Amino acid sequence: LLRRLVFSDSLNAADWGSQVGARDLTNALSWFLTFGAMDAPSQMEGRERSANALQEADFGPRQPGIGEDDSGGWPIANANRWNSFRRWACSLGFAWALPDGQLVPDPTVAVREALPRIMARQPELTAREFVDALADEVPVVDDGRYRKFVESNWRRTAPGVSRLTPSLTEALERLQDERRLILDDRVDAPRLSKADGSTFSHVRHAKR
């Protein structure tokens, strides 16, 4: 319920750089989930994979704030908001923390809980249908409307080959290992590529 409230359109109508409603949280989740476990920010400041450096690469230098709550055009504006983001990301099912504090992007919980709604009417979907339906339910993952909003505001170079992000790829593989999903790769059907280059054409809801 909390996740669905955070994703409501009424709380995500503000412009880029605003922190009105849930816009800063959905921007931060959308941005963070584009990284793999080894590439994700490990801290707000510092030399190794800092959120500061990664956001500057994606969005340019942080702009002077208009007010106390202004993000300056970054999804995660400062150390206080980084700490808040860590808690929200874990509690909403989009990350987990290692004992050393490293935050790992992982939408498995959120995707798992969306499956009954996605697969309610059809036990099998094409890969494209599944990703589109998932994006509607969880709009901070690949092709979701809040992910697209962030992508429209960053400077990151578009990849040469369209593939699912590492975090969503790993979530689907975990759910397949849990026997909740079956990913089929049929040579006679259009396919989508996962982060490792492997492909799938259909998604079936595994009978448990």
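**A first look at this predicted protein**

Hi everyone. Among contacts in this protein with a separation of 6 or more, 54% join residues 24 or more positions apart, where contact means heavy atoms within 4.5 Å. Before going on, this is a predicted model, with local features needing pLDDT of at least 70, side-chain atom pairs counting only at pLDDT 80 or more, and totals for chains, interfaces and linings using all residues. Residues are numbered from 1 along each chain as its sequence is written, and side-chain values use heavy atoms, leaving out hydrogens and water.

Now the overall picture. You will find eight helices and seven strands; these are DSSP runs, helices being H or I with at least four residues and strands E with at least two, numbered from the N terminus. Of the 208 residues, 46% count as buried, meaning under 20% relative accessible area, with exposed over 50% and partly exposed in between (1.4 Å probe, protein chains only).

Let me take you to one residue, D142. Where does D142 lie? Look in the loop between α6 (127–137) and α7 (145–151). D142 counts as buried because its relative accessibility is 7%. Its side chain has a polar atom 2.8 Å from the backbone nitrogen of T165. Beyond neighbours within four places in sequence, D142 touches several residues, including V131, R147, T165 and L168.

Is L5 buried or partly exposed? With a relative accessible area of 46%, L5 is partly exposed.

Technical notes:
Polar contact = N/O pair within 3.5 Å; in protein donor to acceptor, adjacent residues only side chain to side chain.
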